[in-house]
Amino acid sequence: MLVLFETAAGYAIFKVLDESKLQQVDSLYKEFETPEKANKVVKLKHFEKFQDTTEALAAVTALTEGKIGKSLKKVLKKVVAKEAHEQLAISDAKLGGVIKEKLDLSCVYSPAVAELMRCIRSQMESLITGLPPREISAMSLGLAHSLSRYKLKFSPDKVDTMIVQAISLLDDLDKELNNYIMRCREWYGWHFPELGKIVTDNLAYCKAARHIGDRTNVAGSDLSDILPEEIEAEVKLAAEISMGTEVSEQDIGNIRHLCDQVIDISEYRTQLYDYLKNRMMAIAPNLTVMVGELVGARLISHAGSLMNLAKHPASTVQILGAEKALFRALKTRKDTPKYGLIYHASLVGQTSAKNKGKISRMLAAKASLAIRYDALGEDTNAEMGVENRAKLEARLRQLEEKGIRRISGTGKAMAKADKYQHKSEVRMYDPSGDSTIPSTSKKRKFEEVEEAEEPQTPVVKSKKPKKERVTEEAAETSAAAEETPKKKKKKKDKKAEEPEEEEEVAVTEPTEKKKKKKKKVKQEEEDD
């Protein structure tokens, strides 16, 4: 068996002397503990040294891409082709497939081969003769530097590190500008407070404050280059009646210096924004068309690189930047956020609150396609981004018009007509059809019932007073004949009260007089 071993100095071909040792993978390292033991297992057959670092770099880049370099092809034809019957052990399975396809050599890659490569590397200085250790280390260091430089120079237009740094610096400049402008307004406001209310633009305020200096100089100063004519006249009028305090020349000098700083930083921010816009159009043109320069740069910065962002699914791109809210919602079992950094895109901003979630989802889906096209595609045009943005704008227009149509009355009528509801009709059996007797109305039946009840009412009234007279006579005789205890009297009173409650249904005016007489009788009995 032959072994192909790659080093920074060149290619080495080893011949395995004892193949039985490869079967014991776990104890193979013991055979390479010393150079003497290692020479008993493998022996150097051929070594092809690189002429310079350029050749070494070309060979290494070809190996990393799974291709056969010119020098490797030359070595394999010279040495290995003579012993074609033997297998070639290699460290990369992809490279083995290419060698087998082009040179028709049988290649082997297994865990035993990987362990053998590691053992050879540990005793490389003793196994490869003719190369001093210092030369090998120097060539390794030079090749490492060349390879790193090559990877950086591979595609300078695709280096997204510049975008990450530029957007971070832009955010820092915005924070510093806000602090400086706030300090400038507060500081100069002690001397000329009316200027802050008249001039609302921050940059124009700093330029005006630097040009004016002391407010007494406003009358003789020309502010036409900084402010419109109406605002300039208002400033001059306010300076005459200003309520600000007097300040010294030294204070005015410091305020002017601060205004210079604000103006310089603002100009540099504008220049940096133009640079960021150009870099974004060069690196990610389709993403820039979809979401804009700032949002696209923030997405790349948040993911770390354009390639990392391309690996994210559309759902992750949608909520990128809202991780804190997402995990809080998952923890509290509430609704998850619908958008993150993508909320600041122009398409989401011009949408109504009702449709923001839908548009952000669709925009994230199209933006993820644009990111992958920019990161992995060979073209640098923005046609795909323009087409997808036109589709999203048409969909947005459709959603907005749908909402407007629903508000109007005609829209409601259309919605009702389009809506389908299944209503089952249940029919009950009507038994009235079975009878041949003509049915009478409810009104007539009610009148017949009233006529039948009328002759019975006087009979009830005539009977009731008779009962009352009988009970009264019985009560008088029993009270005069016997003197019973109070308990028995109370029982009789209760018995006497029971018919009274029954008679209250159809009692007339004479019955009320009889009740009063009963009460008098009861009071006399109690007094006795």
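This is a predicted model: local features need pLDDT of at least 70, side-chain atom pairs count only at pLDDT 80 or more; totals for chains, interfaces and linings use all residues.
Good morning. A residue counts as buried under 20% relative accessible area, as exposed over 50%, and as partly exposed in between.

Let me begin with Tyr-273, which lies in helix 12. Its relative accessible area is 23%, so Tyr-273 is partly exposed. Setting aside neighbours within four places in sequence, Tyr-273 is in contact with Leu-170, Glu-293 and Leu-294.

I turn now to the core. The largest nonpolar core has 66 residues, and those touching the most other members are Tyr-188, Val-235, Val-291, Leu-309 and Leu-363. Helix 12, residues 249-283, supplies the largest share of this core, with eleven residues.

Which residues does Tyr-188 contact, leaving aside its neighbours within four places in sequence? They are Leu-195, Tyr-205, Ala-209, Ile-212, Gly-213, Ile-252 and Ile-255.

Tyr-188 also takes part in a helix pairing. The axes of helix 8, residues 161-189, and helix 10, residues 202-212, come within 11 Å and cross at roughly 40°. Helix 8 is therefore oblique to helix 10, and the crossing is left-handed. On the helix 8 side, the contact is made by Ile-181, Cys-184, Arg-185, Tyr-188 and Gly-189; helix 10 contributes Asn-202, Tyr-205, Cys-206, Ala-209 and Ile-212. By class, this contact comprises seven nonpolar, two polar and one charged residues.

Thank you for your attention.

Terms used:
Residues are numbered from 1 along each chain as its sequence is written. Side-chain values use heavy atoms; hydrogens and water are left out. A nonpolar core is a set of buried Ala, Val, Leu, Ile, Met, Phe, Trp, Tyr and Cys residues joined through side-chain atoms within 4.5 Å. Buried means under 20% relative accessible area, exposed over 50%, partly exposed in between (1.4 Å probe, protein chains only). Helices (H or I, at least four residues) and strands (E, at least two) are DSSP runs, numbered from the N terminus. Contact means heavy atoms within 4.5 Å. Axes are lines fitted to C-alpha atoms, for helices over the stretch in contact, and angles run from 0 to 180 degrees between N-to-C directions. Angles under 35 degrees count as roughly parallel, over 145 as roughly antiparallel, 65 to 115 as roughly perpendicular and the rest as oblique. A crossing is left-handed if the near helix is turned anticlockwise from the far one by less than a right angle, and right-handed if clockwise. Ala, Val, Leu, Ile, Met, Phe, Trp, Tyr, Cys and Pro count as nonpolar, Asp, Glu, Lys and Arg as charged, and the others, Gly among them, as polar.
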